[in-house]
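Here's a chain to get to know through a few questions. Have a look first, then we'll talk through the terms.

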Amino acid sequence: SVMVAQTLVSRPLITGVIFGVLCRVPFAGALFGATFELINLITLPVGGLLTWSGAVAAGTATLLAGIGCASSISLAGGLAAGIIHSRLEAHERARRAATGDRLALISAEGGRALGFSFAASIALHASMTFFVSLGIVTLVPIFYWHWWPSVPSCVRAGTEFAASVAPWVGL
């Protein structure tokens, strides 16, 4: 995941641990963070390549675990949040690229509005992250508590197996 200032906080492992401590599930946060960190190593978000957002996935999965969802459902919810977020971020990057020439002119003329454009871009990214995570954290538990028990046991067992081997898939 690419975030402002490109700090360690934007890494899935760090995000998972921080959210795990805040949600009182530090082991789950570390586990999801490490899992998404390993999976994230397959395709690094360099340049315009955004396959998914590992940090958003780790944070969302940890939030789901913190409210009592099973690890398999939390993992799936995190993956969904990471994929949805990256698709929205790709659209936002395309929009920013289209306005790059205008921002270059503003910068050349003194750059007074450049700070506003930068702040607006950060605010848009933060709100996008918040609403994607909020949507997943709101909808997944409804599915988990109301419909998941009626899913065939072989499907539930398969998702539990997939969640248990997910860290090794990243290796």
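Helices (H or I, at least four residues) and strands (E, at least two) are DSSP runs, numbered from the N terminus. This is a predicted model, where local features need pLDDT of at least 70, side-chain atom pairs count only at pLDDT 80 or more, and totals for chains, interfaces and linings use all residues. Residues are numbered from 1 along each chain as its sequence is written, and side-chain values use heavy atoms, with hydrogens and water left out.

Q: What makes up the secondary structure of the chain?
A: Seven helices and zero strands. Read along the sequence, that gives α-α-α-α-α-α-α.

Q: Why is I18 called partly exposed?
A: Buried means under 20% relative accessible area, exposed over 50%, and partly exposed in between (1.4 Å probe, protein chains only). I18 has 38% relative accessibility, so it counts as partly exposed. You'll find I18 in helix 1 (residues 12-22).

Q: How much of the chain counts as buried?
A: Of its 171 residues, 38% do.

Q: Which helix gives the most to the lining of the second largest pocket?
A: A pocket, on a 1 Å grid over the protein atoms alone, is an open set of points where a 1.4 Å probe fits, with protein on both sides within 12 Å along at least five of seven lines; lining residues have an atom within 4 Å of a point. Here 11 residues line the second largest pocket, with R95, L103, S117, F118 and S121 nearest its centre. Helix 6 gives the most, with six residues.
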